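Hi,

Here is the structure I said I would pass on.

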Amino acid sequence: GHNIILERSPFTYWPRKPPVVASVQNNIIPEDEELETASNFNEQFYYEEVLKYYTPKDCILIANSYCKLGCQYFEKEEYHKAKEFHLKALKVREELYRGKKHPHIAISLNNLGQSCFMLGEIDEAFTYHTKALKIRESVFGQEHFATADSLNNLGMIYLKWFDYSQANSKVSQALDIRQRKYPYNHEKNAIYNNNLAIIYSAWGS
């Protein structure tokens with residue numbers, strides 16, 4: 001199948017040391033500096049637990065934890081749960097930034113678009129990805145890799161709609177942006193090239 005781009009928020013830390021280090025079935029929550037390398041680290045459990053220690057003033061961290069959980073469920077192909085947590089993240093971020101065009105809002109919109117896409121809710125996915133693209137073009141400009149990711153994801157929606165011309169246009173734009181910044185064999189470039197191959201194959205069939 002085609003490749004769509006999911007995005008994670010910046011890493012989330014404890015707002016303070018919890019009174020007891022939580023564990024379930026030996027899935028210990030490590031110290032902050034050990035999180036990325038701990039072999040027994042259960043990421044989903046960590047973010048479920050860390051939410052218990054946040055207060056309303058920790059809204060940035062709460063949103064990041066929701067986003068991380070959404071990504072975890074997405075990777076497990078539990079797309080309804082993924083959408084649920086990305087919606088929670090979006091709500092917190094929209095309240096936090098009060099109408100501002102912020103990159104973290106674009107991340108939530110992107111991930112909601114991907115969850116809807118996998119659920120077959122294509123019209124809703126298009127709405128989220130279009131909003132994400134507008135924010136990214138406003139914040140980062142038209143030549144940024146995040147803008148390229150949104151263009152790629154919109155291209156995959158046009159492919160679902162059998163609009164091969166628009167699909168080709170969006171993914172080609174995305175690839176052009178990436179190739180100006182990264183070598184031809186970069187992972188994301190390979191994803192975009194693969195998507196173009198899928199589009200060309202469908203277009204010619």
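When I say that two residues touch, meet or are in contact, I mean heavy atoms within 4.5 Å. With that in mind, glutamate 94 touches Gly99 and Ile105, leaving out residues up to four places away in sequence. Glutamate 94 is found in helix H3, and at 41% relative accessibility it counts as partly exposed. My accessibility classes are buried for under 20% relative accessible area, exposed for over 50% and partly exposed in between (1.4 Å probe, protein chains only).

Before going on, a word on what you are looking at: this is a predicted model, where local features need pLDDT of at least 70 and side-chain atom pairs count only at pLDDT 80 or more, while totals for chains, interfaces and linings use all residues. Residues are numbered from 1 along each chain as its sequence is written, and side-chain values use heavy atoms, with hydrogens and water left out.

**Overall layout**

The secondary structure comes to eight helices and two strands, in the order β-β-α-α-α-α-α-α-α-α along the sequence. Helices (H or I, at least four residues) and strands (E, at least two) are DSSP runs, numbered from the N terminus. Of the 205 residues, 46% count as buried. Taking contacts between residues at least 6 apart in sequence, 62% join residues at least 24 apart.

**Two helix pairs**

Let me start with H6 (residues 145-160) and H8 (residues 187-204), whose axes come within 11 Å and cross at roughly 20°. The axes are lines fitted to C-alpha atoms, for helices over the stretch in contact, and angles run from 0 to 180 degrees between N-to-C directions. H6 and H8 are therefore roughly parallel to each other; the classes are roughly parallel under 35 degrees, roughly antiparallel over 145, roughly perpendicular from 65 to 115, and oblique for the rest. On the H6 side the contact is made by Phe145, Ala148, Asp149, Asn152, Met156 and Leu159, and on the H8 side by Lys188, Tyr192, Asn195, Ile198, Ile199 and Ala202. By type, the residues of this contact divide into eight nonpolar, two polar and two charged. Here Ala, Val, Leu, Ile, Met, Phe, Trp, Tyr, Cys and Pro count as nonpolar, Asp, Glu, Lys and Arg as charged, and the others, Gly among them, as polar.

The other pair is H1 (residues 43-50) with H2 (residues 59-75), packed at an angle of about 150° with axes 9 Å apart. H1 and H2 are therefore roughly antiparallel to each other. Glu43, Gln44, Tyr47, Glu48 and Val50 in H1 meet Ser65, Lys68, Leu69, Gln72 and Tyr73 in H2. That contact divides into four nonpolar, three polar and three charged residues.

**The cores**

A nonpolar core, as used here, is a set of buried Ala, Val, Leu, Ile, Met, Phe, Trp, Tyr and Cys residues joined through side-chain atoms within 4.5 Å. Which members of the largest one touch the most other members? Of its 31 residues, they are Leu109, Tyr192 and Ile199. The elements that give two or more residues to this core are H3 (79-97), H4 (103-118), H5 (122-139), H6, H7 (164-181) and H8, and H6 gives the largest share, seven residues.

Tyrosine 192 touches Phe145, Ala148, Asp149, Asn152, Val171, Ala174, Leu175 and Arg178, not counting residues up to four places away in sequence. A second, separate core of 18 residues includes Tyr46, Tyr47, Ala63 and Phe85.

**A few single residues**

Threonine 147 sits in H6 and is buried, with a relative accessible area of 1%. Leaving aside neighbours within four places in sequence, threonine 147 is in contact with Leu133, Arg136, Glu137, Phe140, Gly141 and Gln142.

Two backbone angles are also worth a look. Most residues other than glycine have a negative phi. Glutamate 77, in the loop between H2 and H3, has a positive phi near 65° and is exposed at 59% relative accessible area. Arginine 98, in the loop between H3 and H4, has a positive phi of about 45° and is exposed at 72%.

Cheers
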